[in-house]
Amino acid sequence: MSLEQKIKQMAHSNASEVIANRHHLHSYPELSFQEYKTAAFIAQKLKEIGLSPQEGIANTGVVALIEGRNPASKVIGLRADIDALPIFEQNDVSYKSTNEGVMHACGHDVHTSSLLGAAKILNQLKDEFEGTIKLVFQPAEEKAPGGASIMIKEGVLENPKVGSMLGQHVAPNIPVGKIGFREGMYMASTDELYLTIKGKGGHGAMPDQLIDPVLIASHTIVALQQIISRNRKPASPSVLSFGRFIADGVTNVIPNEVTIQGTFRCMDEEWREDGLKRMKKMAEGMAEAMGGSCEFTVVKGYPFLKNHPELTRRMKQEAIAYMGQENVIDLDLWMAGEDFAFYSQVVDACFYRLGTRNEARGIISGVHTPTFDIDESALEIGPGLMSWLAIRELSTRS
Ligand SMILES: [Zn+2]
Ligand SMILES: [Zn+2]
């Protein structure tokens with residue numbers, strides 16, 4: 001029997017177990033940096049497979065190694081994020097969240113159960129590959145500074161040193177049975193902007209005696225958008241959006257200050273730094289020129305996610321071999337953020353999408369919504385494909 005057939009058979013016979021694990025995780029979701037029961041569950045399952053998990057990395061992270069022949073020859077990391085979101089689940093399912101107000105609405109239960117499934121397959125096949133597979137169960141994808149950055153600081157990519165890294169994420173916009181890849185830049189950096197614009201409030205009938213922070217803030221928003229349109233290289237994707245503008249006066253009362261909050265996203269680390277510097281200078285200078293002041297605070301988020309071109313090309317070809325040409329699609333750029341980006345900045349990385357949509361069954365809700373769910377046939381595809389990609393990549397001599 002070929003390796004592909006073996007993996008497919010194992011993925012098929014393990015599917016009910018992977019689904020049961022997903023249901024357990026879905027029923028007991030935990031928020032970012034608080035995934036204690038989740039981590040214990042993962043460690044327990046890894047021990048049942050026969051592995052020796054290392055717990056407590058980034059507090060609630062779990063790592064385990066599967067060593068094939070000649071284990072030092074090459075190391076590939078497989079990452080699953082494990083945290084849930086502060087959302088009240090509205091699905092009426094047997095595995096509905098029992099932790100009210102917390103829900104696996106981004107599919108991290110799917111990623112975790114999939115990687116546990118892949119671990120079982122890969123451990124059974126460890127005589128068939130050379131090198132080491134590092135399983136990385138990572139906390140807190142959803143919350144800055146992101147569990148990935150902490151795991152990297154705590155050495156997850158060392159001992160043994162990881163050469164390449166794969167991450168799989170559910171895609172409710174892609175039909176189940178299909179997989180999506182994109183080479184190069186894929187997801188955006190995510191920085192939060194907090195501006196407090198101060199003036200001098202008073203009666204709206206006497207603007208000449210005041211410093212109007214509402215007008216300063218309005219000019220500021222327009223001016224900052226001009227930085228995006230005038231200073232950014234046109235070929236470099238970038239977004240600046242302000243979702244909060246609080247000027248708490250009334251029709252005839254100008255307030256003392258205005259607060260604005262927004263998000264700046266891009267796919268170029270140099271431009272990211274340059275853009276932020278320009279925005280700060282513009283906002284502060286604009287306020288000063290108009291007689292007020294501006295406190296400009298940036299809360300740095302994740303870097304942009306770049307898929308290593310050669311690795312991604314190879315993984316796409318291997319996915320075609322496993323799934324068929326018609327089931328492998330190209331992804332568009334996406335200006336959302338993902339902390340897998342931290343790995344992609346330091347090792348060869350490939351972050352790909354696992355289709356989970358089933359329109360006929362009404363499984364169409366987006367991630368981060370209270371009705372998000374998946375077509376669980378993805379739980380046979382996910383572990384099998386990841387196992388296949390890992391073994392094929394380990395057998396590539398580079
Ligand atoms: Zn998410
Ligand atoms: Zn996610």
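Mentor: We take the metal sites, then the cores, a helix pair and a loop residue.

Mentor: This is a predicted model, where local features need pLDDT of at least 70, side-chain atom pairs count only at pLDDT 80 or more, and totals for chains, interfaces and linings use all residues. Residues are numbered from 1 along each chain as written, chains are lettered from A and ligands numbered from 1 in written order, and side-chain values use heavy atoms, with hydrogens and water left out.

Trainee: What makes a residue a protein donor of the zinc ion (ligand 1)?

Mentor: Donors are N, O and S atoms within 2.8 Å of the metal (3.2 Å for Na, K and Ca); water is not among the atoms, so sites may look incomplete. Cys106 (SG), Glu142 (OE) and His368 (NE2) lie 2.0 to 2.3 Å from the zinc ion (ligand 1), and they are its protein donors. Their spacing along the chain is C-x35-E-x225-H.

Trainee: Which parts do cysteine 106 and glutamate 142 tie together?

Mentor: Cysteine 106 lies in the loop between strand E3 (75-81) and H3, while glutamate 142 lies in the loop between E4 and helix H4 (147-153), so the pair links parts 36 residues apart in sequence. Helices (H or I, at least four residues) and strands (E, at least two) are DSSP runs, numbered from the N terminus.

Trainee: Which are the protein donors of the zinc ion (ligand 2)?

Mentor: Cys106 (SG), His108 (NE2) and His169 (NE2), at 2.1 to 2.4 Å. Here the spacing is C-x1-H-x60-H. Histidine 108 lies in helix H3 and histidine 169 in strand E5 (residues 164-175), so this pair joins parts 61 residues apart in sequence.

Trainee: Why is cysteine 106 called buried?

Mentor: Buried means under 20% relative accessible area, exposed over 50%, partly exposed in between (1.4 Å probe, protein chains only). Cysteine 106 has 7%, so it is buried. Histidine 108, at 0%, is buried, and so is histidine 169, at 4%. Glutamate 142 has 22%, so it counts as partly exposed.

Trainee: What makes a set of residues a nonpolar core?

Mentor: Its members are buried Ala, Val, Leu, Ile, Met, Phe, Trp, Tyr and Cys residues joined through side-chain atoms within 4.5 Å. The largest core has 62 residues, and Leu46, Ile133, Leu135, Phe137 and Leu166 touch the most other members. Helix H9 (residues 378-394) supplies the largest share, 10 residues. A separate second core of 24 residues includes Ile57, Val136, Ala148 and Phe340.

Trainee: Why is helix H7 called oblique to H9?

Mentor: The axes of H7 (residues 309-323) and H9 come within 10 Å and cross at roughly 125 degrees. Axes are lines fitted to C-alpha atoms, for helices over the stretch in contact, and angles run from 0 to 180 degrees between N-to-C directions. Under 35 degrees is roughly parallel, over 145 roughly antiparallel, 65 to 115 roughly perpendicular, and the rest oblique. That makes H7 oblique to H9.

Trainee: How do you know which residues lysine 126 is in contact with?

Mentor: Contact means heavy atoms within 4.5 Å. Leaving aside neighbours within four places in sequence, lysine 126 is in contact with Ile66, Glu67, Gly68 and Arg69. Lysine 126 sits in the loop between helix H3 (108-124) and strand E4 (132-138). At 34% relative accessibility, lysine 126 counts as partly exposed.
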